[in-house]
Amino acid sequence: MAAQPPISNLIQLVLHSRAAIPRACAQLTCNNHPQLFRRALQTTSVSHNTPDFAFAFDIDGVLLRSSDPLPRAHKALSYLQSHRIPFILLTNGGGKHESERVAELSKKLEVPLDTSMFVQSHTPFADLEEYKDKTVLVVGGDGDKCRKVAERYGYRTIVTPGDILTAYPDTWPFSQQFLPHHASFSRPLPRPINAHNPADSLKIDAIFVYNDPRDWGLDIQVLVDVLLSHRGILGTLSPKNNSPDLPNRGFQQDSQPPLFFSNPDLVWAAKHHLPRLGQGGFREALEGTWAALTGGPRMGVQLLKTVIGKPFRMTYEFAERRLVAHRRDLLGWREQAGLRTVYMVGDNPESDIRGANTYESPAGTEWVSVLVRTGVHQEGQDPVWRPRMEVGDVYDAVRWAVEQSKWKGGRLED
Ligand code: G3P
Ligand code: MG
């Protein structure tokens, strides 16, 4: 094997000519100098245009208003792509499979996107293996699109409130005029509802609210029926309900199914010039009904539930893992230079800004919140959750962040 040049020469080589990097680093490795390899790598990568920062973009109110792209969204994202600065889309929206939504967004924003850089409110439900061979109730979304998403996540037995209403129209007397609508996408129940023979009756093992419900009345009635039931068996009532000697006054103490919400947003930025009620509004309506039925907090009764989505930690941890993996794919070995900062660009102080401000990354990455004025938050409003920076729109956000990061890789034109 040819004589190896002294180590110092290799480092010099790396510092002065990019093309030489792979060869030099290979040499360093074959010289069994992993520490030097890493140092050389980091020296080169940090100093030569490897971004130690990345972005997480909210969608509604930042990139889109309902289904229309916001004016400078394309320009902002294509700048980042042309400079290989990693970013993901992190939305509390959902209701379609990630691949479908990404294809739509790529077309609308005219920027190639991939599911590896995309997190919706219900994406983490895909990891809940323990419920995939159980009977789950899926609530929300258009028609039975959310059922189809859950099927693609691997859930095998899925029931919707529309299936229950179609099979038992008396379940909710006030949706009779919507029966044909529900019937158009409902499926036969895996089991009948038989209050006289609970052992043979439909039993729900978990409840997932995937997206903003459309028929609040029906959905609230069905959820209340399941949560007051004995062990999730529809048509039954739990004997433990309203037992003063039990925790939560006996409510949800009889192996009723766990209740998951994917998105806490009370309001969101749609086409209307004022914010519209979201999944959080539906949850508040359910909580109000539950309190009226059970006595509520004044009687020591809560609605026991799990809520994910921004601002909650589980969603930010999930998003960070996805961003780090995407960054590795994008930057390859240059990814060694650690991810120092993630700029979270959002329009909703309660979800985007609160989430980034309160999230402590296990990797020590700093999440910096940037609030835009193209969605829920408007100029002159004083948000409860203060962003690190407030700007007009997403392009201003990217320009500010790139300047903050002292990025030498190319200025953003005005
Ligand atoms: O239903 C979607 C809405 O709650 C907000 O979505 O993209 O602003 O997080 P996004
Ligand atoms: Mg938003």
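Leaving aside its neighbours within four places in sequence, His326 is in contact (heavy atoms within 4.5 Å) with Pro86, Phe87, Ser116 and Met117. The structure is a predicted model, in which local features need pLDDT of at least 70 and side-chain atom pairs count only at pLDDT 80 or more, whereas totals for chains, interfaces and linings use all residues. Residues are numbered from 1 along each chain as its sequence is written, chains are lettered from A and ligands numbered from 1 in the order in which they are written, and side-chain values use heavy atoms, with hydrogens and water left out. His326 has its place in helix 11, and at 9% relative accessibility it counts as buried, the term buried denoting under 20% relative accessible area, exposed over 50% and partly exposed the range in between, with a 1.4 Å probe and protein chains only. Helices (H or I, at least four residues) and strands (E, at least two) are DSSP runs, numbered from the N terminus.

Six strands form an open sheet in the order 5-4-1-13-14-15, with parallel pairing, where two strands pair if DSSP finds at least two bridges between them. Strand 5 (118-119) and strand 15 (389-391) stand at the edges with a single partner strand each, so that one side of each is left without a neighbour in the sheet. Helix 11 packs on this sheet, touching strand 1, strand 4, strand 5, strand 13 and strand 14, and its direction makes about 150 degrees with that of strand 4; axes are lines fitted to C-alpha atoms, for helices over the stretch in contact, and angles run from 0 to 180 degrees between N-to-C directions.

Strand 1 and strand 13 pair in the parallel sense over five bridges, and the bridge partner of Ala56 in strand 13 is Met344. Strand 1 also pairs with strand 4, in the parallel sense over three bridges, with Phe57 standing opposite Leu89 in strand 4. Strand 4 and strand 5 are in turn paired in the parallel sense over two bridges, and Leu89 stands opposite Phe118 in strand 5. From strand 4, Phe87 and Leu89 point one way and Ile88 and Leu90 the other way, and all are buried.

Helix 4 (residues 73-82) has as its buried residues Ala73, Ala76, Leu77, Tyr79 and Leu80. Seen down the axis of helix 4, these residues fall within an arc of 155 degrees and therefore line one face of the helix, the arc being that of the directions from the helix axis to the C-beta atoms. They pack against strand 1 (53-57), strand 4 (87-90), helix 5 (98-109) and helix 13 (394-404). Helix 4 is followed by Arg84, whose phi is positive, near 50 degrees.

In helix 12 (residues 349-358), the buried residues are Pro349, Ser351, Asp352, Ile353, Gly355 and Ala356, and these pack against helix 11 (313-331), strand 13 (341-346) and strand 14 (366-372). The N-terminal end of helix 12 is capped by Asn348, a side-chain oxygen of which lies 2.9 Å from the backbone nitrogen of Glu350.

The residues around ligand 1 (a heavy atom within 4 Å of it) are Asp58, Ile59, Asp60, Thr91, Asn92, Gly93, Asp212, Asn263, Asp265, Trp268, Lys310 and Asp347. A backbone N or O atom of Asp60 lies 2.9 Å from an oxygen atom of ligand 1, and for Asn92 a backbone N or O atom lies 2.8 Å from an oxygen atom of the ligand. A polar side-chain atom of Asp212 lies 3.2 Å from an oxygen atom of ligand 1.

How values were computed: Polar contact = N/O pair within 3.5 Å; in protein donor to acceptor, adjacent residues only side chain to side chain.
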